[in-house]
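Hello,

Here is the structure for you to look over. My notes follow below it.

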Amino acid sequence: MADSTGHDGAPTPGQDPPANRYGSLPAWRAVDDYFVRSLVAEDEVLAAARESGRSTTMPGAEVTPNQGALLGLIAQLAGARRVLELGTLAGYSTIWLARAVGETGRVVTLELEETNAAIALTNLERAGLADRVDVVRGPAAESARRLVEAGTEPFDLVFIDADKPSNPRYLEAALRLTSPGAVIVIDNVVRDGAVIDADSDDPRVRGVRQVVEDIAGNPELDATAVQTVGVKGWDGFIVARRRSAGSASGA
Ligand code: SAM
């Protein structure tokens, strides 16, 4: 796929890669476009929710359409009826998850910023999904603690996508709010490769590295991480699963 610079998007020696605001190469964006056009059914409701992300406190921080579709598929593969999301933004990923759980399912999504929560609610109402989603305002750690104290029914899937320095706390909360067999997805764990810098003083990188260590040290969890490239540059996600009682690793 040639771009306007006459090459396929890969940097040639001595040449800076042509970057957009996310540092993604033209070829990565073109491949994302191709797969989204071919495979991802993003209807008007989803497109409007994604566009409305521009009016939030973190414009453009929502997952991409193909990542949203992956979240929906993971929820369906896990047979999830109850989903907890940390970090709502405009509710774009929330819509994918709420559609995946079906009419009888439930999504609880935790959001710090009132502006974002209000935009998300509008998007969920437009999507006809407001009756199966609770948008809980406030710091996610506190909201999650209240859910634990209230003895909330366990969730089948947790999507962690809020402030990255708090990832270890969010994993802890996820473990208290789920049962064996539950799936936990953590977004933005590669950060342009910065995740491998053990001496990083970036609190987001430290949050990711700590949560990786916590997962690695938890015999209850099977996990992997996948790095991705695309319209949002170079990043990736962790998928972990609480081992079912009596099952061996990988089962
Ligand atoms: N999951 C969304 C999607 O893909 O459409 C994107 C979420 S965005 C990456 C992160 C969100 O987490 C922002 O809306 C931000 O306001 C929220 N956030 C940041 N710190 C938070 C906190 N301490 N508690 C709850 N939400 C927080």
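**Strands and core**

Leu84 stands opposite Val108 in β2. This is a predicted model: local features need pLDDT of at least 70, side-chain atom pairs count only at pLDDT 80 or more, and totals for chains, interfaces and linings use all residues. Residues are numbered from 1 along each chain as its sequence is written, and side-chain values use heavy atoms, with hydrogens and water left out.

Helices (H or I, at least four residues) and strands (E, at least two) are DSSP runs, numbered from the N terminus.

Strand β1 (residues 82-86) runs parallel to β2, joined by 5 bridges. Two strands pair if DSSP finds at least two bridges between them. β2 also pairs with strand β3 (residues 133-137), again parallel, over 5 bridges. There, Leu110 stands opposite Val136. From β2 the chain crosses through helix α5 (residues 114-126) to β3, a right-handed β-α-β crossover. Right-handed means clockwise from first strand over helix to second, with the strands pointing away from the viewer.

Strand β2 (residues 106-111) has 5 of its 6 residues buried, so it is largely enclosed by the rest of the structure. Buried means under 20% relative accessible area (1.4 Å probe, protein chains only).

The largest nonpolar core has 30 residues. Such a core is a set of buried Ala, Val, Leu, Ile, Met, Phe, Trp, Tyr and Cys residues joined through side-chain atoms within 4.5 Å. Helix α4 gives the most to this core, with 7 residues. A second, separate core of 27 residues includes Phe155 and Leu221.

Best wishes

Definitions and conventions
Buried means under 20% relative accessible area, exposed over 50%, partly exposed in between (1.4 Å probe, protein chains only).
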